[in-house]
Amino acid sequence: PDREYPIPRHKSGERFVRGPIPWEWLRLALSIGGKSANLCLALWYLIGLKGTNPIRLTNKTVSEFGLTPKPVTRLLLAFEAKGLVDVDRQRGRGPDVTILDPSKRKVD
């Protein structure tokens, strides 16, 4: 291109997704398909916001990322199968999701 444009940055007080997001983690998550990108962004947004691991995944957060509870349940199972997350589910509240390093996955 003839011109270069500055990379957009969030303004003070605006929300943003914190990185870096490990490439292998992202690659594995996106290979699941469907709305896996939406769930990736929701999880990493919460990690950056809370600064803790695990994070609680709420219906409010998932809806902000264009998701509904049913696909989130399916995607979390797929993320678990790939060794990307560990999920603690308790009746009556959103799941606590721990982001894992897939390279440290135990093979059964």
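Me: Is Ser36 buried or exposed?

Reply: In this predicted model, Ser36 is buried, because its relative accessible area is 2% and the cut-off for buried is under 20%. Ser36 belongs to helix 2, which covers residues 36-50.

Me: What does Ser36 touch, beyond residues up to four places away in sequence?

Reply: Ser36 touches Ala29, Leu30, Leu75 and Phe79.

Me: How should I place these residues in the overall chain?

Reply: Begin with the order of elements. The chain has four helices and three strands, and along the sequence they follow the pattern α-α-β-α-α-β-β. The C-alpha trace spans about 50 × 30 × 25 Å along its principal axes. Of the 108 residues, 29% count as buried. Among contacts between residues at least 6 apart in sequence, 51% join residues at least 24 apart.

Me: Why do the buried residues of helix 1 line one face of the helix?

Reply: The general idea comes from helix geometry. An α-helix has 3.6 residues a turn, so residues three or four places apart point the same way. In helix 1, residues 23-30, the buried residues are Trp25, Leu28 and Ala29. Seen down the axis of helix 1, these buried residues fall within an arc of 100°, so they line one face of the helix.

Me: Which elements do the buried residues of helix 1 pack against?

Reply: They pack against helix 2, helix 4 (69-81), strand 2 (85-88) and strand 3 (96-99).

Me: How do I read the packing of helix 1 against helix 2?

Reply: Take angle, distance and handedness, then the residues. The two helices pack at an angle of about 140°, with their axes 8 Å apart, and helix 1 passes helix 2 in a right-handed crossing. From helix 1, Trp25, Leu26, Ala29 and Leu30 meet Ser36, Ala37, Cys40, Leu43 and Trp44 of helix 2. The residues of this contact divide into eight nonpolar, one polar and no charged.

Me: How many residues has the largest nonpolar core, and which have the most contacts inside it?

Reply: In soluble globular proteins, nonpolar side chains tend to be buried together. Here the largest nonpolar core has 25 residues, and those with the most contacts inside it are Trp25, Leu39, Leu43, Leu57, Leu76, Phe79 and Val85. Helix 1, helix 2, helix 4, strand 2 and strand 3 each supply at least two residues of this core. Helix 2 gives the most, with eight residues.

Me: Taking Leu57 as a case, which residues is it in contact with, apart from neighbours within four places in sequence?

Reply: Leu57 is in contact with Leu39, Leu43, Leu46, Val62, Val72, Leu76, Gly94, Pro95 and Val97.

Me: Where is a peptide bond cis in this chain?

Reply: Read omega at the bond itself. A cis peptide bond joins Gly19 and Pro20, with omega about 0°, and Pro20 lies in the segment before helix 1. The bond from Asn53 to Pro54 is also cis, with omega near 20°. Pro54 sits in the loop between helix 2 and strand 1 (55-56).

Me: How does Gln90 count in terms of relative accessibility?

Reply: Gln90 counts as partly exposed, because its relative accessibility is 43%. Gln90 is found in the loop between strand 2 and strand 3.

Me: How many residues apart in sequence are Gln90 and Phe65, and how many Å apart in space?

Reply: Gln90 and Phe65 are 25 residues apart in sequence and 22 Å apart in space, C-alpha to C-alpha.

Key:
Residues are numbered from 1 along each chain as its sequence is written. This is a predicted model: local features need pLDDT of at least 70, side-chain atom pairs count only at pLDDT 80 or more; totals for chains, interfaces and linings use all residues. Side-chain values use heavy atoms; hydrogens and water are left out. Buried means under 20% relative accessible area, exposed over 50%, partly exposed in between (1.4 Å probe, protein chains only). Contact means heavy atoms within 4.5 Å. The arc is that of the directions from the helix axis to the C-beta atoms. A nonpolar core is a set of buried Ala, Val, Leu, Ile, Met, Phe, Trp, Tyr and Cys residues joined through side-chain atoms within 4.5 Å. Axes are lines fitted to C-alpha atoms, for helices over the stretch in contact, and angles run from 0 to 180 degrees between N-to-C directions. A crossing is left-handed if the near helix is turned anticlockwise from the far one by less than a right angle, and right-handed if clockwise. Ala, Val, Leu, Ile, Met, Phe, Trp, Tyr, Cys and Pro count as nonpolar, Asp, Glu, Lys and Arg as charged, and the others, Gly among them, as polar.
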